[in-house]
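Reader: I am new to this structure and would like to learn how to read it. Please take me through a few features, one at a time.

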Amino acid sequence: MNIRKYKFVLFIVIMVSGLFAHPADDINTNFDPIKSVLTVTAIHTVKDVDDHFIEEISIKLNKKEIITQTFKTQTDLKEATALYKIIDAKAGDTITVTTKCNQFGKKTDKILVPAIQTDEE
């Protein structure tokens, strides 16, 4: 097989494999300032959670990486969900969440830590 045909076949294989792999469609990120709990839900629809899943979630607090967790499967066919206790987060801090698909792609979301709401507000 000459080099031109080899490159063409390789290109087709890469393109076809990319059709079925994808990063999370969206990330729903919520921080509860009273409990100091971050909830991360990566919307990532798959056919088999053991073959195609969110492989990694990484958390940064004000640009400093504080958590990296790897997974071997996904919560269900539609999403991957994880909760994290982040005791150092204060109102106004930035939390950056990045999810990585085991087959292809990353998705990132950023939120600001909300202030604790009191009954008077």
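Reader: Is E55 buried, partly exposed or exposed, and what is its relative accessible area?

Author: Some ground rules come before the answer. This is a predicted model, in which local features need pLDDT of at least 70 and side-chain atom pairs count only at pLDDT 80 or more, while totals for chains, interfaces and linings use all residues. Residues are numbered from 1 along each chain as its sequence is written, and side-chain values use heavy atoms, with hydrogens and water left out. As for the terms, buried means under 20% relative accessible area, exposed over 50%, and partly exposed in between, with a 1.4 Å probe and protein chains only. E55 has a relative accessible area of 27%, so E55 is partly exposed.

Reader: How many salt bridges does the structure hold?

Author: Side chains of opposite charge can pair when their charged atoms come close. A salt bridge is a side-chain nitrogen of Lys or Arg within 4 Å of a carboxyl oxygen of Asp or Glu. The structure holds 2 salt bridges. One joins the side chains of K100 and E55, at 3.8 Å from N to O. This pair links distant parts of the chain, with K100 in strand β6 and E55 in strand β3, 45 residues apart. K100 has 30% relative accessibility and therefore counts as partly exposed.

Reader: Which side chain meets that of K90 in a salt bridge?

Author: That of D93, again with 3.8 Å from N to O. K90 is exposed because its relative accessible area is 53%, while D93 counts as buried at 9%.

Reader: Where does D93 lie, and which residues does D93 touch?

Author: Strands are DSSP runs (E, at least two residues), and helices are runs of H or I of at least four, numbered from the N terminus. D93 lies in the loop between β5 (79–85) and β6 (94–101). Contact means heavy atoms within 4.5 Å. Not counting residues up to four places away in sequence, D93 touches L61, N62, D88, I111, L112 and V113. A polar atom of the D93 side chain also lies 2.8 Å from the backbone nitrogen of K90.

Reader: What is the strand order in the open sheet?

Author: Two strands pair if DSSP finds at least two bridges between them. The open sheet has 4 strands in the order β4-β3-β6-β7, with antiparallel pairing. Its edge strands, β4 (64–70) and β7 (106–112), each pair on one side only. Strand β3 (residues 54–61) pairs with β6 over 7 bridges, in the antiparallel sense. E56 stands opposite K100 in β6.

Definitions and conventions: Polar contact = N/O pair within 3.5 Å; in protein donor to acceptor, adjacent residues only side chain to side chain.
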